[in-house]
Amino acid sequence: MNRKELTEQIFSKQSFLCVGLDTDLRKIPQHLLDDEDPIFSFNKAIIDATAPWCVSYKPNLAFYEAAGVKGLAAFERTMAYLRQRYPHHFIIADAKRGDIGNTSKMYARTFFEQYDVDALTVAPYMGEDSVTPFLGYAGKWVVLLALTSNMGSHDFQMLPTAGQQANKQERLFERVLRVSQQWADPENMMYVVGATQGSLFADIRRLAPSHFLLVPGVGAQGGSLEEVCRYGMTGDCGLLVNSSRGIIYASQGTDFAKAAADAAHELQQQMQEQLKKAL
């Protein structure tokens, strides 16, 4: 999916919601555990319920790998179901890959050829040659970690480094933003910026004014949608705001799908108001 197609979906649905499919067998409703493939059963119900209110889905690979071969099979079934039934939704595999070039080529082949996702989260720590193998696929995106939502993000991401100009320092996340833009453009690279970073979105936009941002941390982690939009929204929105636990675990009863739909719809309504205000 290219940027124009993604933007059209956002304005058509008046939503920039990404639903995180962080499916944990220990948290899904108990009545699903008797199903042959409980992970897929849960995902299918969540997808069918929330599809009208979101433009994107983000399965986190850790939750599938934790269930072994059956979990990976459920992930593959989920990807196939999305492609078949909801081809206009943007699929992000949250796998945070990134290794030496030859290994990254294999990761890219796995997610872009085998699973046919639209985007993959990638860690920038190993530098350019670990990222560029993901950038050779037409219509596919790298979502590069820049400033994350977790408490430990400041351990490294805020460290001062030598800046581009003499006697000027820049924080590590700023260096990631500046240097990585030499590898790709806003048509195939996004950045992960946590909703909990608040006004730092202004610093992000100073360096990356037109890139899409994938924004986790709204909902269960306490990030403010209004603050994210105030500092981060662009003329074509430029945001995909993710909510995982707040939607998919809105209920653990037999009404879990309806509860997820209600939670997604509520966020969509808030997003619609933000789009009206900003644009």
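Modeller: Let us start with one pair, bearing in mind that the model is predicted. The side chains of Glu65 and Arg97 form a salt bridge, with 3.1 Å from N to O.

Biologist: Where in the chain do Glu65 and Arg97 lie?

Modeller: Glu65 belongs to helix α3 (residues 61-65) and Arg97 to strand β3 (residues 90-97). The two are 32 residues apart, and the pair links distant parts of the chain.

Biologist: Is Arg97 buried or exposed?

Modeller: Arg97 counts as buried, because its relative accessibility is 17% and the limit for buried is under 20%.

Biologist: What about Glu8, with which residue does it form a salt bridge?

Modeller: Glu8 forms one with Lys4, and their closest N and O atoms are 2.5 Å apart.

Biologist: How many residues apart are Glu8 and Lys4 in helix α1?

Modeller: They are 4 residues apart in helix α1 (residues 3-13), so about one helical turn separates them. Lys4 is exposed, at a relative accessible area of 58%, whereas Glu8 is partly exposed at 40%.

Biologist: And Glu170, which residue is its salt-bridge partner?

Modeller: The partner is Arg175, with the closest N and O atoms 3.6 Å apart. Glu170 counts as buried at 9% relative accessibility, while Arg175 is partly exposed at 35%.

Biologist: Which residues are linked in a network of salt bridges?

Modeller: Arg83, Asp116, Asp118 and Lys140 are linked in such a network. The count of salt bridges for the model comes to 18.

Biologist: Let us change topic to the strands. How many strands make up the closed barrel?

Modeller: The closed barrel has 8 strands, in the order β1-β2-β3-β4-β5-β8-β9-β10, and the pairing is parallel. From one strand to the next, the twist averages 30°.

Biologist: What holds paired strands together in general?

Modeller: Strands of a sheet pair through backbone hydrogen bonds, in either a parallel or an antiparallel manner.

Biologist: How many bridges join β1 and β2 here?

Modeller: Strand β1 (residues 17-21) and strand β2 (residues 56-59) pair in the parallel sense over 4 bridges. Within this pairing, Val19 has Tyr57 in β2 as its bridge partner.

Biologist: Which helix packs on the sheet and touches β1 and β2?

Modeller: That is helix α2 (residues 38-50), whose direction makes about 170° with that of β1.

Biologist: Which strands does helix α9 lie across?

Modeller: Helix α9 (residues 225-232) lies across β9 (213-215) and β10 (239-243), and runs at about 165° to β10.

Technical notes
Residues are numbered from 1 along each chain as its sequence is written. This is a predicted model: local features need pLDDT of at least 70, side-chain atom pairs count only at pLDDT 80 or more; totals for chains, interfaces and linings use all residues. Side-chain values use heavy atoms; hydrogens and water are left out. Two strands pair if DSSP finds at least two bridges between them. Axes are lines fitted to C-alpha atoms, for helices over the stretch in contact, and angles run from 0 to 180 degrees between N-to-C directions. Contact means heavy atoms within 4.5 Å. A salt bridge is a side-chain nitrogen of Lys or Arg within 4 Å of a carboxyl oxygen of Asp or Glu. Buried means under 20% relative accessible area, exposed over 50%, partly exposed in between (1.4 Å probe, protein chains only).
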